[in-house]
Amino acid sequence: MKRAALVFLLISLPIAGQSAKQWVLDQSTLSYHMSHPMHEVDGVSHAAKGKGTCHDGRCDFLIAVPVNTFDSGDTNRDLHMLETTRGAQFPMVVVRTQLAEPAGSASTIYADLEVQFAGQTAHYAHVPFQLTAAGGKVHIVGTIPATCSDFKIDRPSFLTVPIKNEIPVHVDMVWHPI
Amino acid sequence: MQLAAARLTLVVSILASFVLQPPRTLAQEAGALSGSVTDPSGQAVAGATIVAKNTATGQTTDARTRPDGRFSFQALAPGSYAIVVTAAGFAPAASNANVPGTSSEPLQIKLAALPNAPAAQTPAASSEPSLADLGFTTQQTQSNPQLQARLARRTEMLKIHQRLGIITTIPMAAAVITGPMAKAKGKNGQTVKEPTQANLDTHIALGGATTALYLSTAYFAIAAPRIPGTEKHGAIRWHEALAWIHGPGMILTPALGIMAYKQENAGEKVHGIASAHGAVAYVTAASYGAAIVAVSWPIHLKFWEKQK
């Protein structure tokens with residue numbers, strides 16, 4: 001088992017930790033979770049695009065996704081979400097973060113995120129992401145602890161009961177260096 | 001008793017007319033709001049988008065700054081407004097205002113440049129990726145205040161549709177329950193017991209109230225703005241498909257009811273197509289209930305998940 005772990009590290013370290021000048025988002029699944037006493041809803045988007053540029057041992061990452069690409073399984077609900085989050089006025093969710101290059105080789109990385117959404121900007125410090133490297137690509141999984149109040153979103157109600165303030169966003173991304 | 005039924009119908013109609021008043025018509029006096037938008041150096045920012053959201057009703061109105069950086073809203077409903085200003089290359093700015101204003105001073109909003117805007121870039125930051133590098137189309141990234149206003153109007157109308165739809169279930173259920181009491185009882189083809197006039201009047205009043213409320217409910221769904229380029233999927237499709245059953249049913253049911261009432265009043269046994277009044281009403285009520293359940297189906301999923 002220890003040997004397997006050592007082999008994995010030997011393989012993954014050069015891949016994940018290599019000083020690539022740029023990284024490009026290959027595949028992504030972003031999903032927000034909305035909770036109500038009578039509803040549990042997940043809205044999923046695969047339309048995110050991202051790029052990372054490294055310089056002086058640090059990498060700046062930018063990830064953006066159109067708000068209207070989130071699909072919760074019901075058109076009516078998605079249009080209501082678009083209205084509530086001012087998604088036509090501010091059509092993009094933009095996430096910026098800066099990571100130290102060596103962080104790419106760790107199994108868990110902690111990122112300080114700047115998220116622009118619904119015309120507001122929120123900062124999330126020390127958000128953990130699980131990182132695995134394979135086949136020259138890096139797979140990153142984590143959850144951004146977003147809330148409606150962070151973005152001044154009026155919580156929608158169903159039968160006069162509003163949804164929970166917490167709308168965690170699960171992030172599942174595959175990056176590759178160029 | 002017919003007078004009582006007429007009074008009941010009148011009371012329900014008056015109540016319905018209050019419910020149906022769109023929020024915007026409640027605002028009797030409109031007010032103006034004006035101001036100017038400048039950059040950090042005090043220069044006018046042209047083309048900035050200003051969105052004013054009424055904090056009480058949630059209704060939004062937007063405007064754009066003119067070349068001199070000034071903007072104005074001419075017909076805002078009185079109340080408190082949250083103002084959000086956006087412009088390319090600047091961080092969004094927020095402010096608050098009251099209409100009519102407590103001060104005659106126009107709003108003055110100064111925008112801060114974005115940290116990665118060209119003017120603010122440091123040599124190291126100049127290599128940071130920008131939104132333009134990601135390859136999104138202008139259509140995807142461009143703000144669309146008109147669409148936002150359309151979405152807001154749509155939500156507003158569908159909220160009324162939802163509330164009225166739930167209210168409609170009350171007289172509808174009562175009309176279904178009182179239906180058998182308004183029917184002549186017979187044996188071997190002979191009428192052995194006529195319904196009382198009070199039962200008939202109550203049933204007619206409830207049926208009338210149901211029809212009025214139903215038509216109002218339908219209006220707010222049909223007239224809600226459509227969003228271009230939207231392909232419908234999910235529970236809303238069932239909700240709309242069922243309307244093709246309860247919609248015609250809500251026209252047919254009262255028509256058959258009137259025919260049945262006339263036949264009973266003429267001393268005849270209800271016959272012909274009028275005898276289908278009850279059956280059509282049950283199908284209509286059932287499909288109406290199913291349409292409500294269709295858009296609430298995750299309720300059952302949630303309860304089922306909890307039991308696991």
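Guide: Happy to. Two residues are in contact here if their C-beta atoms, placed from the backbone, lie within 7 Å. By that test, 29 residues of chain A are in contact with 35 residues of chain B. Please keep in mind that this is a predicted model, in which local features need pLDDT of at least 70 and side-chain atom pairs count only at pLDDT 80 or more, while totals for chains, interfaces and linings use all residues. Residues are numbered from 1 along each chain as its sequence is written, and chains are lettered from A, and ligands numbered from 1, in the order in which they are written.

Let us begin with the overall layout of chain A. It has two helices and eleven strands (DSSP runs numbered from the N terminus, H or I of at least four residues for helices and E of at least two for strands). Along the sequence, the pattern of chain A reads α-β-β-β-β-α-β-β-β-β-β-β-β. When contacts in chain A between residues at least 6 apart in sequence are taken, 59% of them join residues at least 24 apart.

Chain B, for its part, has eight helices and nine strands, and 27% of its 308 residues count as buried. In chain B, 67% of the contacts between residues at least 6 apart in sequence join residues at least 24 apart.

Now back to where the two chains meet, with 29 residues of chain A in contact with 35 of chain B. On the chain A side, two or more residues come from each of β2 (39–45), β3 (49–55), β4 (58–66), α2 (75–84) and β5 (92–100). The largest share belongs to α2(A), with six residues.

Next comes the interior. A nonpolar core is a set of buried Ala, Val, Leu, Ile, Met, Phe, Trp, Tyr and Cys residues joined through C-beta atoms within 7 Å. The largest one has 45 residues, and A:Ile63, A:Ala64, A:Val93, A:Val115 and A:Val169 have the most contacts inside it. The strand β4(A) gives the most to this core, six residues. For A:Ile63, setting aside neighbours within four places in sequence, the contacts are A:Leu25, A:Ala48, A:Gly50 and A:Val95. Another core lies apart from this one and has 23 residues, including B:Leu164, B:Ala260, B:Ala281 and B:Ala285.

Finally, two loop residues of chain A deserve a look at their backbone. A:Arg86 sits in the loop between α2 and β5 of chain A, and its phi is near 55°, a positive value in a residue other than glycine. A:Arg86 is also buried, with 28 other C-beta atoms within 10 Å. A:Ala118 belongs to the loop between β6 (108–117) and β7 (120–134) of chain A. Although A:Ala118 is not a glycine, its phi is positive, at about 55°. With 22 other C-beta atoms within 10 Å, A:Ala118 is buried.

Methods
A residue is buried if 20 or more other C-beta atoms lie within 10 Å of its own, exposed if 12 or fewer, and partly exposed in between; C-beta atoms are placed from the backbone.
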